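Work through the exercises below with the model open. Try each task before reading its solution.

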Amino acid sequence: MKLYERYTKLINTNEGVLITDPADVFYLTGYSNPDAWILISKDGAYYMTDARYTFEAQSCIDSSYNFVNVERGLPKTAHDLIELSKVLLREDSITLRYFKLLSKDLSCHFDGADEDIRGMRSIKTAQEIEIMQKAMNIAEKALAKLFTQIEEGVTERELADRLEANMREFGSEGVAFETICVFGENTANPHGHPGDRKLQKGDAITLDFGATYKGYKSDITRSFCYGFAPEGYAEAYDAVLNAHLAVLNNAKAGMTGKEIDALARDYLKEKDLDKYFIHSLGHGVGVEIHEEPFISIRGVNPIVDGMVITDEPGVYLDGKFGIRIEDTAVMKNGKLATLCCSDKKLIIL
């Protein structure tokens, strides 16, 4: 089945789906283009872009799409293509300016379908999972090499640069997101930015990073120490690791995101550490680093086979250290299977 045919299930005979988000466009075509829209109806799919991209797009995208070279703006072209009674779109991926143009030029009724349109990407095909496994392999090879490149006095920013260079060496098209590389007390910031803090003996280190391969992302976090572990670190690390494993070992297809989040949160509560777990357990990964489904206390939808999610509990002690352990995993045959193979025991370099 062509990917765009998934979206035709949302519409009736005289309706359509307008895809405006670049990540959704890439998902449907495998071609990255920030200035393209796709209009889907029961009659087929129209790929709309301008002359800067038309010829390359035609050579990269399968012939099931009808190509339209845009000259007068996307809203007007959509009107010329087909008359529809209703068009579904993502309200979170279209600017107010374009929506006003659409409302002016098209006579159809517009309706938001954010969750449905985003949700189409949440169940991965076997081919997508294979690509994501490759992206994870690249990230883990880069980490293994980085362990040989860590020395006292290196800054957070310098180490992040080395890790990103390693990923490029092993085949990454680019970082999956801004690399998090923090030392010592900075590890207590879950999304701390790499700076000029120099590595010292007794520092905790947290690395949260990912590679991009064929447009798909990987996401992994590892926490470890340099020289020796600070006071209380080993005990907290053991608790976070066991919370992480409680999810990998006990999550089942059909459980909601909230129920899976609770597997880790409840374990940390037993250790009186839940108050230091200040973010959700995880999220979906694919052509974007954060996508459906979301594994949090607000996650009401069931997690099913084919979904790829992160498992990343953490504990953050302000002014001291933070610990996060993250794998990306796929729900397969009713259970979670990690895409990671790197060791998760406490490492002291």
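**Exercise 1. The three-stranded sheet**

Find the bridge partner of I205 in β11, then place the strands of the sheet in order.

Step 1. I205 has F224 as its bridge partner in β11. Strands here are DSSP E runs of at least two residues, and helices are H or I runs of at least four, both numbered from the N terminus.

Step 2. β8 and β11 run antiparallel and are joined by 7 bridges. Two strands count as paired if DSSP finds at least two bridges between them.

Step 3. The open sheet has 3 strands in the order β7-β8-β11, with antiparallel pairing. β7 (180-183) and β11 (220-226) stand at the edges with a single partner strand each, so one side of each has no neighbour in the sheet. From one strand to the next, the twist averages 10°.

Step 4. Axes are lines fitted to C-alpha atoms, for helices over the stretch in contact, and angles run from 0 to 180 degrees between N-to-C directions.

Before going on, note the basis of the values. This is a predicted model, in which local features need pLDDT of at least 70 and side-chain atom pairs count only at pLDDT 80 or more, while totals for chains, interfaces and linings use all residues. Residues are numbered from 1 along each chain as its sequence is written, and side-chain values use heavy atoms, with hydrogens and water left out.

**Exercise 2. D203**

Is D203 buried or exposed, and what does its side chain reach?

Step 1. D203 lies in strand β8 (residues 203-209).

Step 2. Its relative accessible area is 6%, so D203 is buried. Buried means under 20% relative accessible area, exposed over 50%, and partly exposed in between (1.4 Å probe, protein chains only).

Step 3. The D203 side chain makes a polar contact with the side chain of R197 at 2.7 Å. It also reaches the backbone nitrogen of Q200 at 2.8 Å. A polar contact is a pair of N or O atoms within 3.5 Å; within protein, one must be able to donate a hydrogen and the other to accept it, and residues adjacent in sequence count only if both atoms are side-chain atoms.

Step 4. Not counting residues up to four places away in sequence, D203 touches residues including F183, F224 and Y226. Contact means heavy atoms within 4.5 Å.

**Exercise 3. Helix α7 and the cores**

Step 1. α7 (residues 126-146) has 21 residues. It reaches 30 Å from first C-alpha to last, close to the 30 Å expected at 1.5 Å a residue. The expected span is 1.5 Å times one less than the number of residues.

Step 2. The buried residues are E128, I131, M132, A135, M136, I138, A139, E140, A142, L143 and L146.

Step 3. The largest nonpolar core has 58 residues, of which Y7, I19, L28, I38, I40 and Y47 touch the most other members. α7 gives the most to this core, with 8 residues. Apart from it lies another core of 32 residues, among them V240 and M331. A nonpolar core is a set of buried Ala, Val, Leu, Ile, Met, Phe, Trp, Tyr and Cys residues joined through side-chain atoms within 4.5 Å.

**Exercise 4. Strand β1**

Which way do the residues of β1 point, and which strands pair with β1?

Step 1. In β1 (residues 15-19), 5 of its 5 residues are buried.

Step 2. E15, V17 and I19 point one way, G16 and L18 the other.

Step 3. β1 pairs with β5 (residues 86-89) in the parallel sense over 4 bridges. L18 has L89 as its partner in β5.

Step 4. β1 pairs with β2 (residues 36-41) in the antiparallel sense over 4 bridges. Here I19 partners I38.

**Exercise 5. The β15-β16 hairpin**

How many residues lie between β15 and β16 in their hairpin?

Step 1. β15 (residues 314-317) and β16 pair in the antiparallel sense over 4 bridges. Y316 has G322 as its partner in β16.

Step 2. The hairpin has 3 residues between its strands, and G319 in the turn has a positive phi of about 80°.
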